Amino acid sequence: MKKSVIRKTLSILLCLTLIFSFSAVAFATPDVTPVIIVSGMGSRPMTDAETGKQIFPPEAGPIVKGVFLALGPVLLALMRSPALFDKYGAKQLHEMLGGLACDEDGNSVRPVESMLYPESVDHYKAEFENETKTEVGMVRKFGESIGWENTYFFNYDWRMSPLDIADDLDVMVQHVKEEKNVDRVDIIALSMGGCVMTAYLAKYGSDSIHNLVMASTAFQGVDMVGALFTGDMQLTVTALLDYFVPFLASLNLKVLPKVLARMSAAAKKDGMETTNAYLQDVVNGIQPAIYEQILMDTFARSLGVWSFIPADQYDEAKAYIAQYATVSDAFMEKAEAMRDVQVNAEKLLKKACENGTNVYIVGAYGFAGIPVTSKAENHTDNLIDTYHMTGGCTVAPYGKTLNDVEGVTVTNGCGNKSHYHVSTDGVIYAGACMFPETTWIIKGMSHVEFGYDHETSDLALWLTTAKDPVDIHTDARYPQFTELDRSSGKLISLTQVNGQSAPEAEQPAPTFLQKIADFFNGLLEKVKSIFQR
Ligand SMILES: [Zn+2]
């Protein structure tokens with residue numbers, strides 16, 4: 001009897017062991033959907049295939065050289081010698097970027113090589129495993145989280161049309177599906193990658209995509225590019241302060257008061273107006289050189305750059321650029337095909353949703369625009385304006401709140417009264433954007449700052465790899481509005497929920513930087529009054 005008990009026990013144990021080992025095998029093969037990270041413009045270097053020289057981004061050597069050589073001419077230009085800026089400054093910049101030149105059909109003049117990654121990043125691990133920033137930091141984040149063998153990185157020549165780039169992306173999508181034996185892949189697109197994705201949806205549909213995350217993307221165009229392509233170059237004291245004071249303050253430079261004192265001196269009798277007029281005069285002086293020598297063959301003949309022009313500025317841009325750059329009819333046809341994709345982006349994305357693809361938008365705000373156009377007063381992520389990036393959120397001008405903007409309704413955006421779509425600082429209203437329930441907006445995150453060790457990349461990972469559909473109400477860590485705390489890398493909620501009435505758009509408490517800006521504005525006013533006596 002004893003033997004039979006032992007035998008029974010042993011066979012039960014054996015059965016249990018077998019069951020556990022089989023389930024262990026099942027657990028060991030995780031159900032991971034492969035991810036394709038679609039890069040933005042120039043996240044990897046481009047080289048001239050013949051000379052082997054890196055042409056983008058310009059190497060440190062030429063940049064340093066260029067800055068030093070351009071410094072003198074820029075100063076001379078500031079003393080109203082635009083001819084000298086033309087001769088030296090613009091030529092330096094042209095030399096730095098000229099390797100990117102395209103012909104009138106939009107083809108590269110030089111044989112240019114972009115870095116391509118046709119296989120999973122497991123094959124190129126050494127290139128990414130120490131990165132922390134931008135696209136390459138994200139590659140590491142995903143590689144470590146879902147497996148390097150399940151992560152793919154799609155890079156391309158950003159000067160080309162997104163509609164042509166989409167063909168190469170489809171080659172990768174089909175390759176990944178076959179290799180991993182899946183019907184759909186997850187995709188996160190960054191910056192210009194958003195233009196590539198809308199072009200892809202227009203050409204190939206969404207059958208192969210499970211989750212599509214559009215993060216910091218230019219899919220609706222970029223204000224600043226539209227402005228530059230329509231000749232809207234503008235420099236004002238306010239725009240300069242908004243843009244540079246945060247940088248200078250963070251550097252704790254003692255030169256700041258000197259610079260501002262010099263500006264104050266220039267302001268003299270009429271204060272800002274005189275200074276602004278003076279700055280504008282300088283801009284007007286160097287503008288032709290900038291357009292003729294830099295914009296023309298390097299950017300105005302790039303179909304990729306044309307995809308950044310907001311559709312409503314397209315015709316104006318076409319007419320304006322014609323005086324500087326000749327492009328062929330075939331070029332314009334391609335450019336306009338991409339404009340049509342931009343106009344149809346909302347329809348394309350909503351059709352994808354109906355077809356079972358989860359579409360998530362991530363945008364950012366908290367930075368003034370680059371102070372070279374009249375659009376500098378719009379909130380940006382340091383590069384792309386928040387309005388376009390978020391698919392049409394209502395955004396107060398930089399330094400203001402929605403209360404200061406006439407005709408803005410900030411209540412009942414989506415019709416669901418249990419929550420609001422207004423950031424607690426009163427700057428953004430998301431109720432009227434393309435996807436109110438699946439758009440995440442982060443204050444203080446600069447362009448593609450999904451840093452490896454920041455919670456912004458946790459959000460990106462969560463959205464991209466979510467098995468089931470998620471929205472802004474799914475996870476308390478990731479509400480619609482958050483602020484990136486740079487020192488800790490954490491996301492702090494800026495979202496109000498479960499209130500009785502819509503939050504008042506409050507005046508944000510002045511930040512340290514704002515206080516500095518206010519101080520110097522006050523100082524300028526004082527200087528002005530002294531000179532008026
Ligand atoms: Zn809602």
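**Close-up views of a predicted model**

**View 1. Helix H5 and its cover.** Glu135, Val136, Gly137, Met138, Val139, Arg140, Lys141, Phe142, Gly143 and Ile146 of H5 are buried. Buried means under 20% relative accessible area, exposed over 50%, and partly exposed in between (1.4 Å probe, protein chains only). This is a predicted model: local features need pLDDT of at least 70, side-chain atom pairs count only at pLDDT 80 or more, and totals for chains, interfaces and linings use all residues. Residues are numbered from 1 along each chain as its sequence is written, and side-chain values use heavy atoms, with hydrogens and water left out. H5 is mostly covered, with 10 of its 13 residues buried. Its buried residues are covered by elements that include strand S1 (35-38), helix H4 (125-128), S5, strand S6 (185-190) and helix H17 (455-465). Helices (H or I, at least four residues) and strands (E, at least two) are DSSP runs, numbered from the N terminus. From first C-alpha to last, H5 reaches 18 Å, close to the 18 Å expected at 1.5 Å a residue. The expected span is 1.5 Å times one less than the number of residues. Glycine 147 follows H5 and has a positive phi, near 105 degrees.

**View 2. Asparagine 150, in the loop between H5 (134-146) and strand S5 (151-154)**. Asparagine 150 has a relative accessible area of 10%, so it counts as buried. Leaving aside neighbours within four places in sequence, asparagine 150 is in contact (heavy atoms within 4.5 Å) with Val32, Pro34, Val35 and Lys180.

**View 3. The largest nonpolar core, with 79 residues**. A nonpolar core is a set of buried Ala, Val, Leu, Ile, Met, Phe, Trp, Tyr and Cys residues joined through side-chain atoms within 4.5 Å. Ile36, Val38, Met197 and Phe229 touch the most other members. Beyond its neighbours within four places in sequence, isoleucine 36 has contacts that include Tyr152, Phe154, Leu169, Met172 and Val173. Its partners also include Val176, Val185, Asp186, Ile187 and Ile188. A second, separate core has 36 residues, including Phe142, Trp148, Val362 and Val470.

**View 4. Helix H7 (residues 193-204) and glycine 193.** Nine of the 12 residues of H7 are buried, so this helix is largely enclosed by the rest of the structure. They are Gly193, Gly194, Cys195, Val196, Met197, Thr198, Ala199, Tyr200 and Leu201. The end C-alpha atoms of H7 are 16 Å apart, which agrees with the 16 Å that its 12 residues should span at 1.5 Å a residue. Glycine 193 lies in H7. Its relative accessibility is 0%, so glycine 193 counts as buried. Not counting residues up to four places away in sequence, glycine 193 touches Val38, Ser39, Gly40 and Tyr156. Methionine 41 is 152 residues from glycine 193 along the chain, yet their C-alpha atoms are separated by 7.8 Å. Glycine 205 follows H7 with a positive phi, near 70 degrees.

**View 5. Helix H14 (residues 329-343) and helix H13 (residues 314-321)**. The two axes come within 12 Å and cross at roughly 155 degrees. Axes are lines fitted to C-alpha atoms, for helices over the stretch in contact; angles run from 0 to 180 degrees between N-to-C directions. H13 and H14 are therefore roughly antiparallel. Angles under 35 degrees count as roughly parallel, over 145 as roughly antiparallel, 65 to 115 as roughly perpendicular and the rest as oblique. Tyr314, Asp315 and Lys318 of H13 meet Met332, Ala335, Glu336 and Arg339 of H14.

**View 6. Helix H6 (residues 162-180) and H14**. Here the axes come within 9 Å and cross at roughly 75 degrees. H6 and H14 are therefore roughly perpendicular. Pro162, Leu163 and Asp164 of H6 make the contact with Lys334, Ala337, Met338 and Val341 of H14.

**View 7. Positive phi at serine 216 and at valine 448.** Most residues other than glycine have a negative phi. Serine 216 has a positive phi of about 55 degrees although it is not a glycine. Serine 216 sits in the loop between strand S7 (209-215) and helix H8 (223-228). At 0% relative accessibility, serine 216 counts as buried. Valine 448 also has a positive phi, near 50 degrees. Its loop runs between strand S14 (439-443) and H17. Valine 448 counts as buried at 3% relative accessibility.
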